[in-house]
Structures are given as structure tokens and as C-alpha cells.
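My notes are below, in the order I took them.

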Amino acid sequence: METLLVLLIHLLKIIVVFSILLGCIAYAVLLERKLLGRLQVRWGPSRVGPFGLLQPIADGLKLFLKEELTPTRADRFLFVLAPLLSMGPALLAIAVVPFGDTTNLFGLLDQPILLQIADIHGGILFILALTSVGVYGIFLAGWSSDNKYSLLGALRSSAQMISYELVLGLSITVALMAAGDVSLRNIALSQGDGFWNWWIFSPKWFVLPGILGFFLYLISAFAETNRLPFDLPEAETELVAGYHTEYSSMKFAMFFMAEYCNIITVSCIAVTLFLGGWYAPFPFLPSGGLFGCVWFAVKVFILVCVFIWVRGTLPRLRYDQLMKFGWKVMLPLAIANVLLAAGGILLYEMWHGS
Amino acid sequence: MMLNALYFWFFGTLAAVCGLGVVLSRHPMHSAISLVGTMIAIAALFLQLHSEFLAYAQIIVYTGAVMVLIVFTISLLNLRQTAGNPMCPSRWWGVVFVALLLLVFSAYQLIDKSHGFAGPARPSVPPDYGQVPTVARSLFTTYLFPFEFVAVLLTAAVIGATVLARQDPEQHPTEQEEQK
Amino acid sequence: MNNFAVPILGIQGIMPELLLSLAAVLILLLEMTAGDREGHGALSLSVAGLILAFIATFGADGKQVFSSLLVNDNLSALLDRVFLMAAFLVTLVSRPYLANYGLAKGEFFVLLLLATVGMMVMGAAMDFITMFLGLEMLSLSLYVLAGFFKKDVLSGEAAFKYFILGAFATGFLVFGMAFVFGALGTTNFAAMAHTLSAGSPPFPSVPTLLFGLALILAGLGFKISLVPFHTWVPDVYTGAPTPVTALIATGSKAAGFAALVRIFMITFPGSFQFWGAAFWWLALLTMIVGNLFALVQVEIKRMFAYSSVANGGYLAMAFLSHSDVGIKALLFYLFAYTFMTVGVFGVVSLAGRRERLLISEYAGLSRENPFLAAVMSLFLLSLAGMPGTAGFFGKFYLFAGAVRSGYLGLALVGILTTILSFYYYLRVIVYMYMRESEMPREALELAGSGRTALVLAAAGVLILGCFPNLIWISIEQVF
């Protein structure tokens with residue numbers, strides 16, 4: 001009975017989180033179009049439903065009803081596998097994100113439940129592992145299409161993702177060192193209410209490593225999600241549409257969704273690692289239980305807006321610039337940052353005798 | 001218990017099937033992708049053995065870096081069709097022989113406990129076995145030297161790769177034209 | 001949460017390795033900042049590093065450092081000296097050699113130093129993990145060094161062959177280590193020996209362990225090129241740049257033997273009855289095959305390649321002697337072998353403006369360059385085992401050890417093949433002194449460092465040959 005209940009609760013959590021996530025993905029698309037519209041001094045979608053709010057549903061219907069095309073010389077198995085490999089890891093990553101502390105749903109339950117699907121010990125490593133599998137989705141899509149633009153896009157993307165994965169890993173190391181753990185829940189718990197207790201501004205070091213780490217993370221997250229200014233795998237001026245040139249209908253939709261899902265996931269990770277997770281920016285504001293989820297959502301929303309803002313503002317890099325930037329600027333900075341943070345933590349702990 | 005067994009058999013079978021896929025696929029790309037599958041399945045099995053860090057490291061390093069490079073190379077070589085199956089019968093015998101040999105020796109240790117060597121008493125698995133903090137602690141205490149030495153080793157590898165891959169500046173523009 | 005006991009570091013235990021790595025890093029930095037085109041800075045830095053490391057080996061205190069992963073005993077110190085000497089001589093020889101081909105780059109010296117670090121770690125390893133890492137360091141650097149002549153097809157072929165076969169052998173080695181770990185539950189040599197001595201069931205009931213040891217022997221047998229694991233030797237030795245060949249033939253081989261000594265003679269001496277026969281056959285085959293093939297070679301590097309294989313056979317004989325006698329004879333021969341082998345390959349590096357000369361092309365060398373011909377003759381006589389040279393005492397101790405342990409037949413084969421080897425060693429001398437050169441062959445301008453290296457090697461051969469006690473004293477201290 002007991003195990004059944006646990007299973008049921010988990011199942012419920014999974015259903016709730018994934019339906020919210022899918023909804024968020026759909027509306028992130030709308031948000032992007034709307035915001036981009038405003039940034040370019042136009043309206044964005046406004047015809048379907050009030051303020052264009054039903055636009056995602058219309059888009060979804062359109063994609064469903066489109067004709068499926070498979071190039072004749074495509075490698076069929078990998079052609080079908082690729083979008084799944086892109087979508088799967090993107091969705092899975094959300095499973096370890098802590099949205100809040102615990103809640104008993106306003107007294108409905110006698111046992112508080114975690115506001116997280118699974119609190120696994122190696123949380124952040126799990127996410128890094130998923131990211132590295134995600135490369136295959138894009139790569140195989142480009143390769144199996146048997147189209148040179150697709151292949152070029154795929155090659156670019158895998159090179160880009162491998163290069164920036166290093167920086168990504170090193171930039172989060174800063175937060176991991178401060179928290180002394182890799183479980184996402186424990187990292188969130190190691191911060192606290194009040195923005196000065198978040199790892200981005202933490203006094204544990206001299207503030208700089210936190211801010212630098214956060215921005216390094218953000219930049220490499222742009223690269224990892226193939227977003228502007230790093231969207232070379234699908235640069236339309238050079239590569240038609242890059243790795244998903246040959247994809248249409250639902251298979252294309254899966255790549256599309258994977259991209260937005262990745263944006264949300266990396267924002268969630270950034271919030272958990274650097275921006276205090278579910279904690280409120282000021283101690284007098286409530287952050288327990290479901291309030292935490294609200295703070296979390298607000299922070300993620302802001303970060304997603306930053307993603308869109310950057311897309312609306314910055315031009316695309318050239319490929320060699322991207323690689324040079326990754327290896328010659330970002331990586332040394334990230335390594336230096338790790339050392340700086342380590343020194344800071346050591347000094348802090350010597351000072352406070354921890 | 002049921003779930004545990006189910007988990008094991010699922011990923012065990014997946015690893016074996018993908019392993020066969022590596023050997024039997026006609027296209028190198030399919031072989032490489034099967035190898036990726038094997039590695040992920042094995043990582044999942046590591047998870048079941050409480051070797052959490054190992055599991056993630058396996059995926060990050062092998063799937064995320066090593067195999068990507070292999071896949072990269074295959075795609076650049078543009079090997080669309082390979083001529084027939086490279087496995088001639090005599091090789092099959094060799095493969096079967098080696099596989100059986102390894103199977104027998106591995107099984108021996110597992111099944112025939114009475115003949116096993118009385119090594120140091122194997123302590124029961126501590127609760128934090130294989131988790132990231134435990135691994136980190138032993139890496140930075142007991143195995144500090146290998147950990148640091150690997151850094152030097154990788155430096156040597158990087159230097160070596162650069163030496164072999166770099167085009168010598170003096171021969172770059174002129175000599176290539178001469179060859180034409 | 002963050003508190004844990006800081007381990008006893010024992011930095012002083014890895015001082016030589018540390019100094020060499022430091023020198024390597026400094027060379028890299030120098031290359032990056034100053035653009036050391038001629039390689040003078042790289043040469044002086046590596047020479048300084050090697051000398052300092054050599055001095056540091058005298059600080060051996062017999063302690064195990066880094067949680068018993070390394071040991072800093074007299075054996076490892078002596079082995080370190082063998083490696084450092086080989087690396088030192090090779091460094092000196094490579095300077096004029098590389099300059100001749102316009103390849104005097106800092107990376108060459110960096111990789112050379114790092115390979116030496118790998119050897120030293122292998123020699124000091126008390127654990128499979130460190131041994132494996134040392135081997136990898138050594139092999140990786142040597143793979144690259146073998147292919148350092150990028151424009152030369154044969155050099156590339158050598159690197160590729162060495163890499164593929166080396167990786168395969170490493171696979172065997174690691175697999176063997178895994179089996180031994182499975183049987184004994186530890187990777188530490190001391191712990192293994194302890195487990196074995198305390199173990200209640202008789203040894204033969206552990207086929208897993210034996211299988212593992214067999215795999216390890218095969219993997220390391222590749223490194224020291226015992227027949228039948230020697231097939232890579234001729235092509236790699238011939239294709240690689242000659243100073244690199246010298247390092248592969250001496251340092252790398254010595255490191256392989258060091259690992260075998262640590263595993264078989266020190267950790268598992270009690271199971272001699274199982275691995276003894278394997279060594280007997282390997283030594284026999286290696287001596288016979290190496291010498292017979294060396295007889296028929298026309299290219300000088302290829303001939304020395306087979307001669308080096310044959311010497312591996314003599315060295316393998318040491319494993320049949322009672323452990324401490326065997327180790328001492330092995331160490332002595334390693335010293336002697338290092339001097340003479342680096343010597344011959346040094347001469348080969350400097351004797352011509354192009355790679356891979358035929359033996360017949362050495363005709364008339366005595367007239368053009370009497371110094372080179374003289375030292376070459378000395379090294380060749382030593383390799384043949386002429387009394388008064390290092391090779392004589394080296395072989396004497398090895399054969400005597402085998403005879404004392406009751407392997408008269410094997411020792412006889414050793415002596416017979418040695419006599420056989422006189423033919424091909426002396427043939428070179430005959431060519432150098434008694435034949436006129438038919439075609440013009442320009443020897444290299446002997447720069448200071450090349451000449452120094454050859455003089456040092458010759459001095460080593462003579463000193464070991466006339467006063468073997470000088471080195472024997474420190475060898476006696478091993479146990």
C-alpha cells in the first residue's frame with residue numbers, strides 16, 4: 001500500500017511536471033515571437049485568439065497536418081532516431097530539477113513531498129551526461145539526411161557543443177565547489193533567502209567568481225542550445241536550415257520543441273546553481289512550499305526572456321570566431337575562474353574556521 | 001527486487017544487442033551508433049551497481065566525447081557503402097574462441113566460489129559507495145598521484161597531437177603550390 | 001563536509017619525476033614566449049632537468065609514498081639512473097641529428113622528457129594504476145616521437161604500427177591487470193604479496209590469477225619485444241628517427257623489464273613454478289630468432305633492431321635466476337646495454353646525412369671520420385661481449401645466474417647465439433675499416449653535444465667493462 005502510494009505520487013509528479021513543461025515550451029515559442037516583435041517594433045502574432053494567445057495551438061495543428069517527407073537516400077533508421085535523440089534527453093533533464101523545497105499541499109498530505117521528480121545524488125552530472133547525448137540528435141539528423149548543408153550543420157554543431165561543453169562544465173564547477181555537492185537539491189539548499197546568499201553574489205569568495213561563472217555558464221548555454229549568436233548549425237544564410245533542412249512535420253516539431261525545452265532546462269539549472277533556486281530575493285518574502293515554485297518560475301521566466309533578448313540583439317558569429325572564442329577566451333577564463341573560486345573558498349574557510 | 005531484475009535484464013539485453021550491432025552492422029555509422037547504445041546501457045548498469053559517478057563519467061566521456069569524434073570521422077570519410085561483410089569465417093572462429101575463453105574465465109570466478117582465492121575479506125558496500133563525494137575524496141587523497149599524473153599524461157597527449165597534426169608554417173604555402 | 005585528512009604527499013619521493021616534468025613545462029613556455037627556433041634553450045633546459053633529476057635520485061629513502069602507489073627504494077633509484085642516462089645521451093645526440101633535418105623543435109625534447117617521466121613512474125610503481133599510467137605516458141610520447149618526421153613515409157608508418165600494436169598490447173596488459181585484481185581484490189603489489197603469502201588455498205586453484213599474469217606478460221612482452229611479440233620491432237626501429245629508436249631500444253625496454261621485475265620477481269616470486277617456464281621459452285625463442293634474423297639484414301638500423309630483440313632474450317634469462325641474483329644481473333646488463341645501444345644508435349644518427357643507410361654504406365668510415373668509426377667499433381665489440389667491455393660482464397652475470405639456477409641448456413644457447421652475433425657485429429667493423437667507400441657519403445658535422453654523448457657512452461662502456469665493481473656496489477645495495 002505504502003509503495004503504491006509512493007509510486008502514485010511519483011507518477012502524478014511526472015504528469016504534472018511534464019504537462020507544465022510542454023505547455024511552457026509551446027508558450028515559450030509564442031513569447032519569443034511576441035518579444036522579438038516588440039524588439040523589432042512590430043506586434044508579433046496577434047490574430048489567433050486574444051493577443052495571439054492561441055497561436056501555439058494553431059502552430060501545433062499545422063505541424064501535425066503537414067506532410068511527412070523523407071529524402072530517398074536518407075538513412076531511414078537514423079533519420080527517425082535523430083529527433084527522438086534530440087527530444088528525449090531534453091525532456092529527461094527536467095526530472096532532476098528542484099522546483100521548490102517540500103510541500104504538503106496546504107495540509108492535504110500528512111507527509112511533505114519533494115517538489116522535484118527525482119532527487120538523485122549526481123544531479124548535475126546526470127544533466128551533463130544528457131547534454132552530451134543530445135549532440136547525437138543534431139549530428140545524426142544532419143548526417144542521415146544525406147544533404148551537404150545538413151551535414152555541415154551537424155559537423156558544426158557537434159564541434160561547437162563539444163567545445164562549449166568544457167566551458168559549461170568548468171563554469172558550474174564554481175557553484176559545485178561552493179555547495180560541496182553535486183545533487184541539485186543540495187546545491188539549492190546550500191543557498192538561502194536574500195540575493196546575497198545566492199552563489200552568484202556569495203561572499204564565500206570575492207563575488208567575482210560567482211558573477212563570472214554565471215556569465216560563462218550563460219554564454220556556453222547559448223552555444224549548447226544552438227541559440228543566436230551561436231546558431232551556426234542552422235545558419236540560414238549559409239546552410240539553408242542546417243541540420244533540420246530535410247525535416248518536416250512532427251519530426252521537425254520535435255527539434256523545435258527540443259530547442260525550447262533546452263532553453264528552459266538550462267535556465268532552470270542556472271537558477272538552481274547560481275540564482276538561489278526557489279529562494280526569495282529578500283528574506284522577508286515567503287519562499288516555503290509552493291511559494292518557492294513561484295520564485296523559481298519567475299527567475300526562469302526572466303532568464304528565458306534574456307535568451308530571447310539576446311537573440312533579438314546580437315548578430316551571428318562567424319564559425320572560426322566561435323571556435324576561437326570558445327577555446328582561447330572562454331576556456332582560459334573558466335579555468336582561471338575555478339582557481340580563483342577555489343582560492344576564495346579556501347580563504348573563507350580559513351577565516352571562518354569551517 | 002522485481003524492478004531491479006527487470007532493470008538489469010532490460011539494460012543487459014540492450015548492451016548485448018547493441019554490442020552485436022557494433023560487430024554485425026554493415027555501415028560503420030550504424031556500428032558507431034550501436035557502440036553508443038552499448039555505452040549508455042553499460043552506464044545504466046553501473047548505476048545499478050551504485051557506481052553513480054562512474055556511470056555519468058562513462059556517458060560524458062565516452063558517449064559525449066570519444067564517440068562523437070568517431071562519428072565525426074566516419075561522417076567526414078563519407079563511407080556510404082562498405083564492400084560486403086569483413087568477417088570471414090576464419091575470423092569468426094577466432095572471435096568465438098576468444099569470447100568463449102573470456103566467458104569461461106569470467107564465469108569461473110563468479111560461479112565456483114569454493115575455488116576462488118581467499119582474498120581480503122570484501123567489505124559490504126558502504127552506503128555512500130561510488131557516489132560523487134566518495135569518489136572525489138579518494139581521488140584527492142589515496143589516488144592523488146594518479147589523478148595529477150593523468151594531467152601530465154594528457155598534456156603529453158595534447159602536445160603529441162599538436163605535433164602530428166600541425167602544418168609546419170614553412171612548408172605550408174610554397175610547397176603545396178610546388179606539388180601542384 | 002569539506003574536511004578530509006590531507007594525505008601524506010611525499011613530494012620528495014617523486015623529486016626526479018617532478019624536476020623532469022618541470023623542465024618539460026618550462027621548455028613549452030619558452031617555445032611559446034621566446035620562439036626558440038634553433039632549439040638551444042630546449043636543449044639546455046632538458047639537459048639541466050636531466051642532470052638535476054639524476055642528482056635527485058640519490059635521495060632514495062626506501063619509503064613508499066602517495067598511499068603506497070609509488071616506492072622510492074634503491075631499485076627504483078637505480079632504474080631511474082638507467083632511464084635518465086639513456087634520455088641524457090639521446091638528448092645530446094638528437095640535437096645535431098635534428099638540426100640536420102631542420103627539425104630542432106622544443107616539442108621533441110618535451111616529449112622525450114615526458115617519456116622519461118613515464119619510465120621512471122613505471123620503475124617506481126607499486127600499484128597497477130601507477131604502472132599503467134607510467135606505461136601510457138611512455139608509450140604515448142614514443143608513438144609521437146616515432147612519427148616526428150612527418151614528411152617521411154616510413155616514419156609515419158613506424159608511428160602508426162607502433163601505436164596500433166602498442167594499443168593492442170596495452171589492452172592485453174589492462175585486461176590482465178583486471179583479472180589479477182579480480183583474483184586478489186587489490187591493485188597494490190605489497191597487498192597482493194601479502195594476500196598470497198597469507199592465502200590458504202594452494203596457488204593452482206586460481207586460474208584467474210594465472211590467466212591475468214599471462215596477459216600481463218604478453219602485454220609487457222610487447223614493450224620489451226620478446227619473440228613472438230617482436231614483430232613491430234624492425235619496422236618501428238627502422239622508421240623512427242634514430243635517436244628515438246635509441247630511446248625505444250633502451251629506456252622503453254628497461255622500463256618494461258622494470259615492470260616485469262616488480263610484478264613477477266618481487267610480487268609473485270612464490271609462483272615461479274608457473275611463470276618460470278614461460279620465461280624460459282620466451283628467452284630461448286628471443287635469443288635464437290633475434291640473432292638469426294640479425295645475421296641476414298643489410299640495413300644497419302634493421303640489423304640493430306634484431307640485435308636489440310636478441311638482447312631482450314638475454315635479459316629475460318635473468319627471470320629464471322633466484323630473484324636477487326637475477327635482478328642484480330639484470331640491472332647490470334641494463335646499464336651496460338643502455339650505454340652500448342645508445343652508443344651505436346648515436347653513431348648511426350650521426351654517420352650520414354640521410355636516414356637508413358645500408359651496412360655496406362659504412363665502408364670507409366674509418367678514413368672519413370676515425371672518431372665515429374672508433375667508438376662504433378667499441379660499442380659493437382661490447383654488444384658482442386668482448387672482454388674488457390661492459391657487454392662482457394653483463395652477459396657473464398646473466399649466464400652465470402642462469403647456470404647457478406640450473407638452466408645450463410639455456411645458458412649454452414645464450415653463449416652459442418652470442419658467438420653467432422660476433423659475425424654480424426664484426427661485419428660492420430670490417431666494412432668500416434677494410435673496405436673502400438664506393439659512393440660519397442657525408443657524415444654529419446659533429447657538433448659538441450653529439451661528440452660529448454658518444455664520448456660519455458664510450459667511457460661508460462669501458463668503465464663498466466674494466467671496473468664493474470663501480471656500479472656493482474650500488475647494485476648490491478638493492479637488497
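**Ground rules.** I am working with a predicted model, in which local features need pLDDT of at least 70 and side-chain atom pairs count only at pLDDT 80 or more, while totals for chains, interfaces and linings use all residues. Residues are numbered from 1 along each chain as its sequence is written, chains are lettered from A and ligands numbered from 1 in the order in which they are written, and side-chain values use heavy atoms, with hydrogens and water left out.

Points are joined across faces, edges and corners, and a volume is the space filled by probe spheres set on them. I found five cavities of 30 Å³ or more.

The largest cavity has a volume of about 360 Å³. It has 26 lining residues, with Thr131(A), Met161(A), Glu224(A), Thr225(A) and Asn262(A) closest to its centre. Which helices supply at least two residues each? I noted H3, H4, H5 (148–179), H7 (208–224) and H9 (249–273) of chain A. (Helices, H or I, of at least four residues are DSSP runs, numbered from the N terminus.) The lining has 17 nonpolar, seven polar and two charged residues. (Ala, Val, Leu, Ile, Met, Phe, Trp, Tyr, Cys and Pro count as nonpolar, Asp, Glu, Lys and Arg as charged, and the others, Gly among them, as polar.)

The second largest cavity holds about 70 Å³ of space. I counted off 13 lining residues, and Gly13(C), Pro16(C), Ala56(C), Thr57(C) and Asn72(C) lie nearest its centre. Helices H1 (15–34) and H3 (74–101) of chain C give two or more residues to this lining. Its classes are five nonpolar, six polar and two charged.

**A pocket.** Next I turned to open space (a pocket is an open set with protein on both sides within 12 Å along at least five of seven lines). The second largest pocket has a volume of about 1600 Å³. Its lining takes in 48 residues, and Phe126(A), Tyr7(B), Phe11(B), Ala44(B) and Leu47(B) lie nearest the centre. Chains A and B both give it helices, among them H4 (123–144) of chain A and H3 (52–77) of chain B. H2(B) has the largest share, 10 residues. I logged 35 nonpolar, 11 polar and two charged residues in this lining.

I checked two pairs, using axes fitted as lines to C-alpha atoms over the stretch in contact, with angles from 0 to 180 degrees between N-to-C directions. H5(A) and H11(A) (319–352) come within 9 Å and cross at roughly 15°, which makes them roughly parallel (under 35 degrees). Their contact has 21 nonpolar, five polar and one charged residues.

H6(B) (144–165) and H4(C) (106–124) come within 10 Å and cross at roughly 150°, which makes them roughly antiparallel (over 145 degrees).

**Single residues.** Is the peptide bond from Val227(C) to Pro228(C) cis or trans? I read it as cis, with omega near 10°. Pro228(C) lies in the loop between H8 (207–223) and H9 (233–239) of chain C. Val41(A), a residue other than glycine, has a positive phi near 55°. I placed Val41(A) in the loop between H1 and H2 (55–65) of chain A.

Conventions: 1 Å grid on protein atoms, 1.4 Å probe; cavity = no way out; pocket = protein on both sides within 12 Å on 5 of 7 lines; lining within 4 Å. Parallel < 35°, antiparallel > 145°, perpendicular 65-115°, else oblique.
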